[in-house]
Amino acid sequence: MATPTSGSKAILLILLIAILQMEEGSEPTLNQFRSLAMADAADDQEWTTVEKNNTHFVASGKPFHVSGFNTYWLMSFSVDHSARAKVSDVLRQSASIGLNVCRTWAFSDGGANPLQISPSVYDEDVFKALDFVVYEARRHRMRLILSFCNNWEDYGGKAQYVKWGKEAGLDLSSDDDFFSDPTVKGYYRAHVEAILTRVNTFNGIMYKDDPTIFAWELINEPRCPSDPSGDTLQSWIEEMASYVKSIDPSHLLEIGTEGFYGSSTPEYLHLNPGTYFAQVGTDFIRNHQAAGVDFASVHIYSDSWLANSVTGEHLVFLKSWMEEHMDAAEKVLNMPVVFGEFGVTSKDEKFTAKFREVFINTVYNTLWKSRMRGGSGGGCLLWQLFPEGTEHMDDGYAVVLHKCSITSKLLPDHNRRLFPSDWEERSEVESYIFHEEL
Ligand SMILES: *[C@@H]1O[C@H](CO)[C@@H](O)[C@H](O)[C@H]1NC(C)=O
C-alpha cells in the first residue's frame, strides 16, 4: 500500500496550519491575504520602512495611514514567560480588527524588572523580551512606535536618570536637569544607541534596519516646567533628534509631545486647554521645527485637561484641538500629525460607554475628513487596548479587545473604510460612522 511521501505530508501540514490560522483570524473577516501574511516569507519584500512625503506617510509607494493603539507594557509582560502569550494575543487580535501600529515602551529604567539596570547596563533577559515584542509584531504585520524614555516616573523615566546622575556625584537639583546636564544627556544618548543598534536575538535584524519600526519617539510627554521659555527643552530636542538621525537616518522620528502651544506662537496660545499649559516648557510649533523630527505628535486628554466632567464641550475642544494642529502642520510645519494618545477615562463621574464611543468616532471622523481633502491627519492611537485577562491593569482608559462594541464593531468599521483592500467585505461599512457627531 502506498504511503504519502514526506512532500505531500508537508503540504497537508501547511494546509492544516493555514486552516487553523484562518479560524483564528476569522473574527471579523479580514481577507486571507492578510491573515496568512505571517506564514508567507515572500511577503517580507513588501514589508518596507514607512517614509514621509510632505504631509503624508508612504509605504512601498502607497499612502500609509496610522490606525493604532497603545499597550505600553508589552516588554514587561514578555519577560515573564507565563505572560508572554498575552503579547501575542494583543498583537494578533488587534491586527485582526485592522489596527496597524502599536505604540509601546522601549525603556524600563531602574526599579523592578528594569531593562536598564544602571546607565548602559542592561538585563539581557529583558532585552530579549523586547526582541520578542519586535519579532512578534513583525510576524503579525503590526508596526511599532518605540519610545526611548518617560517624562513621568512610571518605568523610571527622567527622574531615574537624574537619580543615577546624583549617585554618580553630580550636583543636580531638579528632574528637569535631565534635559540640560551633559552627563545625564550622555546616559540618554547611550540608551538611544543601545536600542537602535540592538540585534534582535529572534531574527538577527538590527532594530535600526527593521521596517517593523514605524517610528522612534524621543520621550513620552516631555515637559520642562522649570524653563517656561521652552529654550531648555528645545535644545534637548534639537540635540537628540540629530543624534537619532546620525545613527538611523531611515526611520521616522517624533518627539512624543502632548501638543501644547508655547511662547513662540502667541497667536495660538488661546487654543491650549488652559493658560497653565503654556508654562510647561513645551512649544508645539517650535519643537516640531527641529531638524530630524518627521511628524508631529499630539495627545488628547480633554477629560483631564479641561478639569470638569465629560460633556459636549469636550467634543467641541476635541475637534478644534485636532483641526488646529492639522492646520498648523499643513501651513507651517509641512508634516503629518499623529494623535499618539487619546481616550476617555471611566473614572470620570459622568462617564458613559456611549460618550467614549462618540469620542472615538469623532477622532476617526475628523481624521477621515482631513484625509479626504489631502490634509495632514496621519492617524491616531487609542489609549489603551488590552487583551482579555489583563483588566487588572486598567487605569480607567482600558478598552478590552472583543469585550465591547468599540473593538468588535467601531474600530473594525473605521478600518474597513480606511483600508478597504485589506477586507473581504468592502460594502459592509456601517452608516453610523459617517454621520456627524456634532
Ligand atoms: C510627494 O508629494 C507631492 C505632493 O505633496 C507629490 O507631488 C509628489 O509626487 C510626492 N512624491 C512621491 C515620491 O510620492
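The paragraphs below describe a helix and then the helices packed beside it.

This is a predicted model, in which local features need pLDDT of at least 70 and side-chain atom pairs count only at pLDDT 80 or more, while totals for chains, interfaces and linings use all residues. Residues are numbered from 1 along each chain as its sequence is written.

Helix α13 (residues 405-418) has 14 residues and reaches 18 Å from its first C-alpha to its last, close to the 20 Å expected at 1.5 Å a residue, where helices are DSSP runs of H or I of at least four residues, strands are runs of E of at least two, and both are numbered from the N terminus. The expected span is 1.5 Å times one less than the number of residues.

Ten of the 14 residues of α13 are buried, so the helix is largely enclosed by the rest of the structure; a residue is buried if 20 or more other C-beta atoms, placed from the backbone, lie within 10 Å of its own. Among the buried residues are Ile406, Leu410 and His414, and what covers the buried part of α13 includes β4 (66-70), α12 (353-372) and β15 (399-400).

Glu357, Ile360, Asn361 and Tyr364 in α12 meet Ser405, Ile406, Leu410 and His414 in α13, a contact meaning that C-beta atoms placed from the backbone lie within 7 Å. The axes of α12 and α13 come within 11 Å and cross at roughly 15°, and these two helices are therefore roughly parallel, a term for angles under 35 degrees.

How values were computed. A residue is buried if 20 or more other C-beta atoms lie within 10 Å of its own, exposed if 12 or fewer, and partly exposed in between; C-beta atoms are placed from the backbone. Two residues are in contact if their C-beta atoms, placed from the backbone, lie within 7 Å. Axes are lines fitted to C-alpha atoms, for helices over the stretch in contact, and angles run from 0 to 180 degrees between N-to-C directions. Angles under 35 degrees count as roughly parallel, over 145 as roughly antiparallel, 65 to 115 as roughly perpendicular and the rest as oblique.
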